[in-house]
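Look over the sequence and the model below.

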Amino acid sequence: MITLKLHNTMTKAKAAFEPTDPKRVTMYVCGPTVYSRPHIGNARPALVFDVLFRLLRHLYGEEHVVYARNITDIDDKINAASQESGRSISDITKEMADIYRSDMAELGVLPPTHEPHATAHISEIIAMIKTLINSGNAYEADGHVLFNVPGFDDYGNLSHRNRHDLIAGARVDVAPYKKDPADFVLWKPSTEDLPGWESPWGRGRPGWHIECSAMIEKHLGKTIDIHGGGHDLIFPHHENEIAQSRCSHGGVDLARVWMHNGFLTMDKDKMSKSIGNIVTVHELTKTHSGETIRFAMLSAHYRQPLDWSEELLAQAKKTLDRMYGTLENLSEIALPAGAEPSEAFIAALSDDVNTPKALAELSALCKAANTATSDVERAKLKGHLATSGALLGLLQNDPSAWLKGDGNDDQEIDALVEARKIARANKDFTESDRIRDDLTARGITLEDGADGTKWRRGL
RNA sequence: GGCCGAGUGGCAGAGUGGUGAUGCAGCGGACUGCAAAUCCGUGUACGUCGGUUCGAUUCCGGCCUCGGCCUCCA
């Protein structure tokens, strides 16, 4: 088996991945806070870790990989959205979670094994906070429960900074009830108009960080194999998760490998709701297929920044068209039984999920298929293409349907192509070229081949 | 101020201490009635200044530029 190598934020190095138990490989990725539609930047971790999920299932077997991606449905931003719109919190969170799921499905993202909701884990959260108080790692103050950061020596190991740096850079007023400026909230009081649950510390709600620790423990265990998320979650979110989980689990590691995806930018600026330079998945899917968006996203390595643009999407579409063109030319060839991705393709993906390299291998397979002379060879390559594509969540559509695209004038086009065929048979090239020019003007491209004329939408 | 990361050919984007991935675009050719698609060929790319080395885009150091985190954020 090819060795899977992953880059670990904790060690800042790539290393061979070794799960605790190959029969139960565990991965957790921080999911969305459901208060608005996801933008394309939010989709990057979902997509990146979806590819890793597919790769892990390929390497270890489908039934041996457990992947959890949470839904944060209790958060002050949600409360604010509710007060602003007048809609109930549950209305908003339910709608936005549904939209998130359907948007991700549109991008070919597989549902994770578990999709835990924070509000369904309040008792686990309270239990973990109790443990932390009992062990002296947390304290109650002014209706809040806070984590005692100075009591955890390894705080800052993931983000590679120490508490002194943090204090030096602190830009925010420190709440008076904090013993140390770095202490963070585990539980906070709720007023009557805010969602809240009864707890030993009064009616309140959990802080953001504790929910992930509690849900990981419940669904995956104390030490998981892979923890992923966006680069901006390294500090403080993941640092805090580590502190909470390790202190309530006798010090064992929370995750063996920490992976973080880089950001999507728009004109080089980070795409974010606060800046307002966002483009939602919903908007994008009106003009681009989910597969085109997916291809564009995977065209850069997950740790690199990626500048999102229409040009990027146009290039992705063009390359996909080319690959589907190759597959269409293989449509007569039967898919061989037991087909597997090519070795070079798996090697590329196994090198820290190097999707650009994997995509290059897909191109190489296409070229080989286009030049292959024997049907045996072509069948083998078709098998590689189909299964390699599947690992990336690409090339699973019917090639002919993909190339023809969506339209309601297929029959009319077919008729014109037929008329042109007759004109060509009569060597009436003036007429045949006129028909082709008309079709070109409508955005239809014709391809005359040995076995007749094919057409596709797009120039 | 502290901590991260990035600067590759017209564009996107991998990678490597020594035969210039891959895709798009361009140019030449084959094929075609002409095209399209496909195929073949075609590029003196690695921010800058030093250092190490027989040899650096790749290692080390300085500098410049850009981005991110330090507050909610994928």
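Is Arg457 buried, exposed or partly exposed? Arg457 is buried, because its relative accessible area is 17% and the cut-off for buried is under 20%. Keep in mind that this is a predicted model.

**A pair across the chain**

Side chains of opposite charge can pair when their charged atoms come close. Arg457 has such a partner. Asp410 forms a salt bridge with Arg457, and the closest N and O atoms are 3.0 Å apart. Asp410 is partly exposed, with a relative accessible area of 28%.

**Pairs within a helix**

The count for the model comes to 31 salt bridges. Some join residues of one helix. Asp98 and Arg101 both lie in helix α3 (residues 89-106). They are three residues apart, about one turn of the helix. Their closest N and O atoms are 2.9 Å apart. Asp98 is partly exposed at 35% relative accessible area. Arg101 is also partly exposed, at 30%.

This pair has further links. Arg69, Lys94, Asp98, Arg101 and Glu115 are joined in a network of salt bridges.

Helix α10 (residues 310-329) holds another pair, Lys317 and Asp321. Here the two residues are four apart, again about one turn of the helix. Their side chains meet at 2.9 Å, N to O. Lys317 is partly exposed, with a relative accessibility of 30%. Asp321 counts as buried, because its relative accessibility is 15% and buried means under 20%.

| Salt bridge | N to O distance |
|---|---|
| Asp98 and Arg101 | 2.9 Å |
| Lys317 and Asp321 | 2.9 Å |
| Asp410 and Arg457 | 3.0 Å |

**Cysteines**

A disulfide is a covalent bond between the sulfur atoms of two cysteines. How many disulfides does the count give? The count comes to zero disulfides. Take Cys30, which is in no disulfide. The nearest cysteine sulfur is that of Cys212, 4.1 Å away. Cys30 is buried at 11% relative accessibility. Cys366 is buried too, with a relative accessible area of 0%.

**A three-stranded sheet**

Now turn to the strands. One open sheet has three strands in the order β12-β11-β13, with mixed pairing. Which strands stand at the edges? They are β12 (269-270) and β13 (306-307). Each has a single partner strand, so one side of each is left without a neighbour in the sheet. Strand β11 (residues 264-266) pairs with β12 in the antiparallel sense, over two bridges. Thr265 stands opposite Lys270 in β12.

**Domains**

Finally, step back to the whole of chain A. The domain assignment gives domain 1 (16-261), domain 2 (310-401) and domain 3 (405-457). What separation do the centres of domain 2 and domain 3 have? Taken over C-alpha atoms, these centres are 28 Å apart.

Methods. Residues numbered from 1 in each chain as written. Chains lettered and ligands numbered in written order. Predicted model: local features only at pLDDT ≥ 70, side-chain atom pairs only at ≥ 80, totals over all residues. Heavy atoms only, no water. Disulfide = S-S within 2.5 Å. Buried < 20%, exposed > 50% of the residue type's maximum accessible area, 1.4 Å probe, protein only. Pairing = 2+ DSSP bridges. Salt bridge = Lys/Arg side-chain N within 4 Å of Asp/Glu carboxyl O. Domains from an automatic or database assignment.
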